[in-house]
Amino acid sequence: MDWKNIPSLSALRAFEATARLGSFSAAARDLNVTHAAIAQHVRGLEAEFGQELAHRVAGGMELTDAGHTLAQALGEGFGSIMQGVDALRHAKEARPLRVTLTHAFAENWLMPRLGEFWLKHPDIPITFVPSKGTVDLKRQGFDLGLRYGSGAWPGLKSELLVPAHFMIVGRPELLKDVPSGDPKALLSLPWLVHEDWPEQDLWMKELGISSETAKVTGFATTPMTKAAVRAGLGVSVQMRPMIEEDLETGRLMALRELQQSDLGYHIITAPGAMSDGARLFIRWLKSTV
C-alpha cells in the first residue's frame with residue numbers, strides 16, 4: 001500500500017463522520033474537535049480531489065455523487081478496521097490469563113487461596129507457569145508475574161503483595177533450648193531445604209548455612225520440606241504466610257524472624273493495556289492480604 005496516495009486519516013475520518021451524521025457540527029461533536037476543523041478537513045479533501053463532496057442545505061449537509069462514493073468506501077473500510085480491532089480485543093479477553101511465578105509461591109501461598117477467586121469469577125480461566133528464572137512478560141505473553149525481590153525491575157510496574165517475613169522454624173522440642181542469636185548454634189542444627197527455591201537460597205546464604213558449614217538435606221518440593229520439618233527432622237527457612245497455621249497451633253515454633261523491609265513478593269505487570277480479567281485477578285490478590 002502506497003500511503004503517499006491516500007489523504008490524511010484525520011481528513012477521511014472528518015468526512016466519514018460528516019456523511020454519517022449529516023452536518024459539520026454533529027461530526028465535530030462525534031470526534032471531539034471544532035466545527036472549523038471538520039469544515040477545513042472536508043474542504044481540503046475537495047481541493048485534493050478537485051470536486052465537491054458535500055454542500056450546505058437547510059438543516060445540514062448533502063452529499064454529491066462523488067461524496068456518496070467516498071462515504072460508502074470509507075464506511076466499509078472503517079467498519080472492517082473496527083471489526084478487526086473488536087476481534088483482537090475479544091480474543092484477548094477470551095484467552096486464559098497467563099501468570100508467571102515461582103513453584104514455591106504457587107504451591108504454598110496461591111493454590112490454597114485460589115478457590116476463592118474461582119468461586120467469585122468461574123468464567124476467568126488462568127494458566128500458571130511456574131519458573132525459577134526471570135521472564136520477559138510481553139515477549140512471552142504473560143499478563144502478570146508474582147515475583148520475589150525488592151520491586152525494582154526496570155521497565156515494569158511493581159506492587160508489593162506479601163512482605164518477606166521469612167523465619168527459621170522447627171518443632172518446639174528441637175528449638176526450645178537453642179539460642180537464636182548464636183551462629184554456632186545455628187550451624188549445629190540439621191537444615192532442611194527446598195532445592196529449587198531461590199528465595200530460601202538467599203536467606204541460607206545470609207545465615208552462612210551451606211552443605212560445607214552444616215548438615216543440609218534437600219527436598220524436591222516445598223511441601224516435602226515442610227512435611228519433614230513438621231516430623232521434627234530438622235529446621236528450615238520458611239515464609240510466615242505459608243506456615244501460619246503451624247505456628248498458631250504450636251506444631252512449629254519460630255526461632256528467629258528474618259525480615260527485610262525492601263524484600264517481598266510483588267505483582268509485576270508490563271506497560272500497556274490490561275485485560276478486564278487481569279484487573280479482576282490483581283484486585284482479588286490484593287484483597288487477600
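Axes here are lines fitted to C-alpha atoms, for helices over the stretch in contact, and the angles between them run from 0 to 180 degrees between N-to-C directions. Helices (H or I, at least four residues) and strands (E, at least two) are DSSP runs, numbered from the N terminus. The model you have open is predicted, so local features need pLDDT of at least 70 and side-chain atom pairs count only at pLDDT 80 or more, while totals for chains, interfaces and linings use all residues. Residues are numbered from 1 along each chain as its sequence is written, and side-chain values use heavy atoms, with hydrogens and water left out.

**Stop 1: H2 and H3**

Select helix H2 (residues 24-31) and helix H3 (residues 35-49). The axes of H2 and H3 come within 8 Å and cross at roughly 110°. That makes H2 and H3 roughly perpendicular to each other. As for the angle words, under 35 degrees counts as roughly parallel, over 145 as roughly antiparallel, 65 to 115 as roughly perpendicular and the rest as oblique.

Now show the side chains where H2 and H3 meet. On H2, pick Phe24, Ser25, Ala27, Ala28 and Leu31; on H3, pick His35, Ile38, Ala39, Val42 and Arg43. Contact means heavy atoms within 4.5 Å. Sorted by class, this contact of H2 with H3 has seven nonpolar, two polar and one charged residues. Ala, Val, Leu, Ile, Met, Phe, Trp, Tyr, Cys and Pro count as nonpolar, Asp, Glu, Lys and Arg as charged, and the others, Gly among them, as polar.

Before you leave, click on Asn32, in the loop between H2 and H3. Its phi is near 60°, a positive value in a residue other than glycine. Asn32 has 69% relative accessibility, so it counts as exposed. Buried means under 20% relative accessible area, exposed over 50%, and partly exposed in between (1.4 Å probe, protein chains only).

**Stop 2: along H1**

Next, select H1, residues 9-21. H1 has 13 residues and reaches 18 Å from its first C-alpha to its last, close to the 18 Å expected at 1.5 Å a residue. The expected span is 1.5 Å times one less than the number of residues in the helix.

Which residues of H1 are buried? Colour Ala11, Leu12, Ala14, Phe15, Glu16, Ala17 and Thr18 to see them. Just after H1, look for Gly22, which takes a positive phi of about 90°.

**Stop 3: H1 against its partners**

Keep H1 on screen and bring back H2. The axes of H1 and H2 come within 8 Å and cross at roughly 120°, so H1 and H2 are oblique to each other. The contact uses Arg13, Ala14, Ala17, Thr18, Arg20 and Leu21 of H1, with Phe24, Ala26, Ala27, Asp30 and Leu31 of H2. By class, the contact of H1 with H2 has seven nonpolar, one polar and three charged residues.

The axes of H1 and H3 come within 8 Å and cross at roughly 105°, so H1 and H3 are roughly perpendicular to each other. Here you want Ser10, Ala11, Leu12, Ala14, Phe15 and Thr18 of H1, plus Ile38, His41, Val42 and Leu45 of H3. This contact of H1 with H3 divides into seven nonpolar, three polar and no charged residues.

While H3 is showing, find Gly44, which lies in it. At 36% relative accessibility, Gly44 counts as partly exposed.

**Stop 4**

Is Gly170 buried or exposed? Its relative accessibility is 0%, so Gly170 counts as buried. Not counting residues up to four places away in sequence, Gly170 touches Leu175, Val229, Gly234, Val235, Leu252 and Met253. The C-alpha atoms of Gly170 and Lys226, 56 residues apart along the chain, are separated by 9.3 Å.

**Stop 5: Leu186 in H7**

Finish at helix H7 (residues 183-188) and select Leu186. Leu186, at 3% relative accessibility, counts as buried. Leaving aside neighbours within four places in sequence, Leu186 is in contact with Ile168, Trp191, Leu207, Ile209, Leu255 and Arg256.
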